[in-house]
Amino acid sequence: MAEQNCLVTNDWICGEYLRSRSQELTDATVQHIGITVVSVLIGLAVAFPLALLARRGRRFAGPVLGLTTVLYTVPSLAMFSLLLPLFGLSAALVVTGLVLYSLTILVRNILAGLEAVPQEARDAARGMGYGPARLLWEVELPLALPAVMAGLRIATVSTVALTTVGSLVGKGGLGNLIEDALPSFFKAQVLAASVLCVLLAVAADLLLLGLQRVLTPWTRTSRPSRTPRAAGGRRAGPGGPAGLPAPAKVEAG
């Protein structure tokens, strides 16, 4: 009986609310995921050429990094107000704002990853006849993936949280439920929407972490295996890159 009356008593944890409003929660969650995914993908597509432009030299890096940083400091309410005449009260308004906010994180991490590529790797690829495009896609970008994925994870988690601000125009996913519940302080709805938002952020981060591990197997730290000791008390084991065994020492006589 107490569980059935939790809506009347306005409890924080209310199973009846979850059962009676399950469709509403599902719809808000789906909208939240859709806006987040679209925003991050568009942000990544915009950030990549900007990072390539920024690494061409200081005269490009300064304006690109400065502009993306300034955009990140604009309050969300002001950002949506500036974009409102262009997009109206639509999901495009929210997506555009989230894309602009994600650029500072994505551009800086893509640029940092590309600049961290060893010059020896570039020289070796050029010596093998790689052109600029092939060098970028087959050498530089794979080596920059750890930094790129780290930035993507941060941008995604940040976007999951910022999507709730879209409730200002009715396109905030779970943020809509939070905003609707605040006037009457509907505790169960506030808690359920907030917890779902946190779970989405955690799930997205873990998913991208798993993708990063699949795409960058060389970054995994392997546990040292116990191997028999060789003559002279030395432990036998891999002695070169890619696990190649070290050449055996040949003693005269």
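**Salt bridges**

I started with aspartate 123, which forms a salt bridge with arginine 126, the closest N and O atoms being 3.5 Å apart. I counted a salt bridge when a side-chain nitrogen of Lys or Arg is within 4 Å of a carboxyl oxygen of Asp or Glu. The model is predicted, so local features need pLDDT of at least 70 and side-chain atom pairs count only at pLDDT 80 or more, while totals for chains, interfaces and linings use all residues. Residues are numbered from 1 along each chain as its sequence is written, and side-chain values use heavy atoms, with hydrogens and water left out.

Aspartate 123 and arginine 126 sit 3 residues apart in helix α7 (residues 119–127), so about one helical turn separates them. I took helices (H or I, at least four residues) and strands (E, at least two) as DSSP runs, numbered from the N terminus. Aspartate 123 is partly exposed, with a relative accessible area of 43%. Arginine 126 is partly exposed too, at 43%. My classes were buried for under 20% relative accessible area, exposed for over 50%, and partly exposed in between (1.4 Å probe, protein chains only).

Next I looked up aspartate 205. Its salt bridge partner is arginine 153, with the closest N and O atoms 2.9 Å apart. Aspartate 205 lies in helix α10 (residues 187–215) and arginine 153 in helix α8 (residues 132–162), so the pair ties together parts 52 residues apart in sequence. I also noted one network, in which salt bridges that share partners join Arg55, Arg122 and Glu140.

Glutamate 24 pairs with arginine 21, the closest N and O atoms being 3.6 Å apart. Glutamate 24 is partly exposed at 32%, and arginine 21 is partly exposed at 32%. I logged 7 salt bridges in the structure.

**Glutamine 212**

I went back to helix α10 for glutamine 212. This residue is buried, with a relative accessible area of 14%. Leaving out residues up to four places away in sequence, glutamine 212 touches Pro146, Met149, Ala150 and Arg153. Contact here means heavy atoms within 4.5 Å.

**Helix α3 against helix α9**

I described two packed helices by the angle between their axes and the distance between the axes. Helix α3 (residues 22–54) and helix α9 (residues 174–181) pack at about 130°, with their axes 7 Å apart. That makes α3 oblique to α9. The axes are lines fitted to C-alpha atoms, for helices over the stretch in contact, and angles run from 0 to 180 degrees between N-to-C directions. Under 35 degrees is roughly parallel, over 145 roughly antiparallel, 65 to 115 roughly perpendicular, and the rest oblique.

From α3, the contact uses Glu24, Leu25, Ala28, Thr29, Gln31 and His32; from α9, Leu174, Gly175, Asn176 and Leu177. I sorted these residues into 4 nonpolar, 5 polar and 1 charged. Ala, Val, Leu, Ile, Met, Phe, Trp, Tyr, Cys and Pro count as nonpolar, Asp, Glu, Lys and Arg as charged, and the others, Gly among them, as polar.

**Aromatic pairs**

I searched the whole structure and found 3 aromatic pairs. Tryptophan 12 and phenylalanine 185 have ring centres 5.5 Å apart and planes at 90°, so the pair is edge-to-face. Rings of Phe, Tyr and Trp (its six-membered ring) pair if their centres lie within 6.5 Å; planes under 30 degrees apart are stacked, over 60 edge-to-face, and the rest tilted. Tryptophan 12 is partly exposed at 41%, and phenylalanine 185 at 40%.

Phenylalanine 48 and tryptophan 137 form a tilted pair, 5.6 Å centre to centre, with 35° between the planes. Phenylalanine 48 lies in helix α3 and tryptophan 137 in helix α8, so this pair ties together parts 89 residues apart in sequence. Phenylalanine 48 is buried at 17%, whereas tryptophan 137 is exposed at 53%.
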